[in-house]
Structure formats: structure tokens, C-alpha cells
Amino acid sequence: MQGIAASPGIAIGRVYLFKKEKLEIDLKSIEEDQINSEINRFEVAKNKTRDQLEAIQKKILETLSEEEVGIFTAHLMMVSDPTLSYSVERYIAVNKMRAEAAIDKSINEIWEMFQSLDDEYLKERAMDIRDVGTKMLYNLAGKKMVSLKKLDHEVIVVTTDLTPSDTAQMDSDKVLGFVTDAGGENSHTAIMARSLEIPAVVGLRDATSSLKCGEMAIVDGNKGIVILNPTNDQLEYYKLLKEKYQLRKKELQELCDLPAITLDGRKVEIAANIGMTKEVKAALKNGAEGIGLFRTEFLFMNRTTFPSEDEQFRVYRKVAEQMTGHPVMIRTLDIGGDKNLGYMDFPYELNPFLGWRAIRMCLDRPDILKTQLTAILKASHYGCIRIMYPMIISLDEIRKANLILDEAKSELKKNDIPFDNSIQVGIMVETPAAALIADRLIEAVDFFSIGTNDLTQYTLAVDRGNETIAHLYQPMHPAVLKLIKMVIDASHKDGKWTGMCGELAGEEGAVVVLLGMGLDEFSMSSGTIPIIKKIIRNISYGDAKKIAEKVLLMSSSDEITEYLDNSN
Ligand code: PEP
Ligand code: MG
């Protein structure tokens, strides 16, 4: 099966079909004579949920941590809580609701009540309420609930699509590879696969209907191929290929601590993109000289409340300390688009990628931004931290965000809390608007970081996650390259610098052109750092400049890639 190569490497293993069945809540009223049977359905679902929880608890009691035992106990108590039963039965009997609707409504009300409490511990319990409610609803519908959180053996995950929060929860030690029906090369799922160094093929359209649980499969993340029920010859061939791939990776890694200096002495910075703190280890192992993009939104996912200032501070400080003085560029919350938070109301939007997201949302909710900026500032005392605002389209947005930053700074000063007062502040250039007025935006910032994932999607009007038009998603399109050049030039003219944290920065085929355009910093998924360093160390800046000049005169990405392929 041919799909889109999303994350390199070879995986050989058994298929695990991850199907999240959607639950439909029937909102139609019931008749008087159905009340008893609906209450009975609720009782059955409740008892089944309790039995399941008890069975799991018994089975894995020895392996659970104290905290996990506590969670199970809390879940069990909630299932048997009379408040819940009373509320559900009342909605069925008085409001003539179906059991599903009555459970959903009751759970939501209890959840909201917990959410409104000041106590952090009780707020956390709100998530348990949701979990218990979801379990009951699945039981009521006779459907099985699946999760990627705890897998008991190594698998190749096959699914329609993975949301960023599914991927963040995934037991990454057990996932050998993954395969999805939907998605493009630069969907967040693909990016995370690369970060976690898990081979992946996306956009296969009918993988979930062709692959069955337990079947053997090979995922070739280099070529975007999935082989179902491989023959012995194929298995042998791919085992060898896998070994070769791993050997090459190891060889490259041995040199990865060398600096990225061209043959004629131009040095550029090579950094890693991370979404979770656990990725710092891989960044260091692969020779990252900094974190060029910390996607902080993952810190906000898979929970029921916003992380507190203190919680955020501890995470940012830890990353800064682990990076021992190397720069860490923390991007302020980029939520919305394909990344929502279960505990925050997002409006229904026809075009979420063009909607209420990133800096737009943060400027409307300054409380969220200020908490985050305060946490970042506090952490800046413990390393070299830089701040980056996402999705900027105007000078006004930068100024407004900086006003909030100034407020946070003054409060810290007033309270004698140390922070880096000259912390660098930059923006992601990921909209054509920002690129086109880069010469004006530069006055308000210390640096630019080009986000080619979104810049490509918005410049070409091609959804980055849509497999049907994946062939049109071309970061090497002359229009995108022209914008990149404008941004770099605008920053240099003002004595400042430009980095790139979009996936293009880690593309083997693009690095020479970007280098030749004058890019100062390249930030990418950790796994690609060694090869990118090697390419840079083997070319002169003079040659790269000549190649970039030629490429910038070309009129299609086909022409560009063909020329670059031949000049290698
Ligand atoms: C980008 O848009 O290029 C980027 C780095 O941000 P994200 O992929 O998180 O949207
Ligand atoms: Mg982006």
C-alpha cells in the first residue's frame, strides 16, 4: 500500500487497530412507559462499569503506583456515588431523557461543579468524572473503549487519524510504527512521529479497512509503503534494510556533536523542535545546540484544567536546565486549528485553521497568556530562554502581547522574583501577511522563526492535513521560497537573525537552498539533526548561495527539485 512517508525508519510487527467509536447521544424524549426500562439500562451500565473497574484493579494491582491505585479507587467511588444515580434517575423520570442523555448531562454538571472549585486536587478529579462517564456511555452503547495509553505489547498502530492528544498520550515505547488513513506529511501527527522517531506512513485512505488486528505488517517510513502479510523474502529484505538504516543513523550520530560549519567557515545553529519534555533527551543525543521550538500546547492537553503558573514554570525551568545554557525558544500557546482543549469552549468554526487560534485566542484571553508569560519569565532565570508568538499577522498583535509581557515583568520586579530582563522576544513567521511585512515587523522583535508548515498551507491555500491534496502541499513552491527569502533579508537588514522551525528546515533536499538564502538557525525533529549537520559541513556557503540564487529564479517546485536532485 502506498501512502505518504511521514516519519523515516522501518517497523516490522503486528497490527493494532485503534478504532475510536464515536458515541452518539440520542436527545429524543422517551414515553412515560419507558422510564423504568431506561433506569434499568442505566443500572446495568453502572454495574458493568463498576465490575470492569474492579476487575482491572485486581488484575494489575501489583503493577500500579500508589497514585494509580488512588485513581481507580476514586473512579469506583464515583460509579457508586448516590449523587450521580439520583441525578441520572431524575433526568430520566422527570425530564424524560434517555439514559445516555441523562448520564451525559449529569456528568457534565458534576464536572462543572468540580471545575469551579478553587482546590487544585479537586479540579483534577473532574477528569475522573469525565472518564467514568465515558466508560458508562460506552457500556450503555455496548461499545468497546480503546486507548493508546497502556499497551501490553509492541504494535504497529493503524487508525483513521490520530489527534495530537492521542499521540501525546501514546505509550511510545510500545508503538513500533503507525499508519493512518488520513493526514499529510506535515500534520501534527506526522510531526510528532518524527519527534518520537517512530516510523510512520499517513494518508493511506483505506488502511483501517484493509488491515486487521494481529496481522503482520511492515511500515517503510522512508518510502511511505506499508506491506501487509509480508512473505518471508520481504521480511528478510526489510530486516536487512532496517539494520542498514539503524547503522547509518548510528554512524551519523557519532558525528552529530560537531558544529554545523560550512567548508568556507559560515556557522549556523542547529536546534530541535520539541512538544514534550521527554523529547529533550533525544534532542541532546542527536546533537541539538538548542531548542528552536517548544510547542507548549502539549502541556495543556489531556487534562481538565489549564496548567497553573507554577506547573508551567517547573516544566520550562526543567527544559532550560537540561539544555545547560543553550537557547530554548518557548512558543506561547498555539491552540485552536486542529488542537483543542477539552476543558475550554471553542466556538464552532467552518475554517478552524483560519479561526480563533494561537495569538488571536491568547490576546482575547490575556489571563491565559499572562500566566504563561510569567511562568516563562520566571524560568528564564535558570537558562537561556526566548519567547516566540505564533500566527502573527500584524505589528499590533506583537505590541499587545508585549504589553502583557511588560505587565508580567513589572509584577515580578515588584515581588523581587528574578528573571532575564533582556529576554529575546520573536515571532513565528507563518502567515503570508507576516512575511510580506517582515521589514516592518522586525522593528518590534529580536528575531524571526519561519514556520513553513503553516506558511506553506496559507500561501498555497492547501490544507496541511488533507491527504487528497497532499501533492499540492509544496514547501519548495517558488512562492513560499520567495517569502522565506524576504523574511531572512528583512531581519539581516536590521542586524537581526532568522531561524526556521517548520519541517522544511530538516528536509535534506532543502537545506542547501535555505543555507544559501542566509538562514541563521535550523530547528527540526531531533532525528534529522545529524544528516542536516553533515550536509552543511560538506558544502561551502559560496556554492550554497549560488544554488539559492538559481533556485529563486525558477518557476515551479518540480523544476526546483529536479535541479537540486541533479546538482547533488
Ligand atoms: C509551522 O507552522 O511551521 C510550525 C512550526 O508550527 P506548527 O507546526 O506547530 O503549526
Ligand atoms: Mg504553525
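These notebook entries record what I looked up in a predicted model.

**Conventions**

I worked with residues numbered from 1 along each chain as its sequence is written, with chains lettered from A and ligands numbered from 1 in the order in which they are written. In this predicted model, local features need pLDDT of at least 70, side-chain atom pairs count only at pLDDT 80 or more, and totals for chains, interfaces and linings use all residues, while side-chain values use heavy atoms, with hydrogens and water left out.

**Entry 1: strand 4**

Five of its six residues are buried, so strand 4 is largely enclosed by the rest of the structure. I took buried as under 20% relative accessible area, exposed as over 50%, and partly exposed as in between (1.4 Å probe, protein chains only).

I then looked up the pairing, which requires that DSSP find at least two bridges between two strands. Strand 3 (residues 155–159) runs parallel to strand 4 and is joined to it by five bridges; V155 stands opposite V175. Strand 5 (residues 200–202) is also parallel to strand 4, with two bridges between them, and F178 has A200 as its bridge partner.

I noted that strand 4, helix 7 (residues 188–195) and strand 5 form a right-handed β-α-β unit. Right-handed here means that, with the strands pointing away from the viewer, the path from the first strand over the helix to the second runs clockwise.

**Entry 2: T208**

I located T208 in helix 8 (residues 207–210). T208 counts as buried because its relative accessibility is 11%. Its side chain makes a polar contact of 2.5 Å with the side chain of D181. A polar contact is a pair of N or O atoms within 3.5 Å; within protein, one must be able to donate a hydrogen and the other to accept it, and residues adjacent in sequence count only if both atoms are side-chain atoms. Beyond its neighbours within four places in sequence, T208 is in contact (heavy atoms within 4.5 Å) with L17, K19, V158, T159, T160 and D181.

**Entry 3: ligand 1**

I listed the residues around ligand 1, meaning those with a heavy atom within 4 Å of it. Of the 15, R295, R331, G451, N453 and R464 come nearest. A polar side-chain atom of R295 lies 2.7 Å from a ligand oxygen atom. Backbone N or O atoms also approach ligand oxygen: one of N453 at 2.7 Å and one of D454 at 3.0 Å. The protein covers 100% of the 280 Å² of accessible area that ligand 1 has on its own, by the Shrake-Rupley method with a 1.4 Å probe.

**Entry 4: strand 15**

I checked the side-chain directions in strand 15 (residues 497–500): W497 and G499 point one way, T498 and M500 the other, and all are buried. Four bridges pair strand 14 (residues 447–450) with strand 15 in the parallel sense, and F447 is partnered by W497. Strand 16 (residues 521–524) is parallel to strand 15 over two bridges, with E521 the bridge partner of G499. From strand 15 the chain passes through helix 19 (residues 511–517) to strand 16 in a right-handed β-α-β crossover.

**Entry 5: positive phi**

Most residues other than glycine have a negative phi. I found that K96, in the loop between helix 3 (82–93) and helix 4 (99–115), has a positive phi near 55°. K96 counts as partly exposed because its relative accessibility is 22%. A358, in helix 12 (residues 358–364), has a positive phi of about 50°. A358 counts as buried, at 0% relative accessibility.
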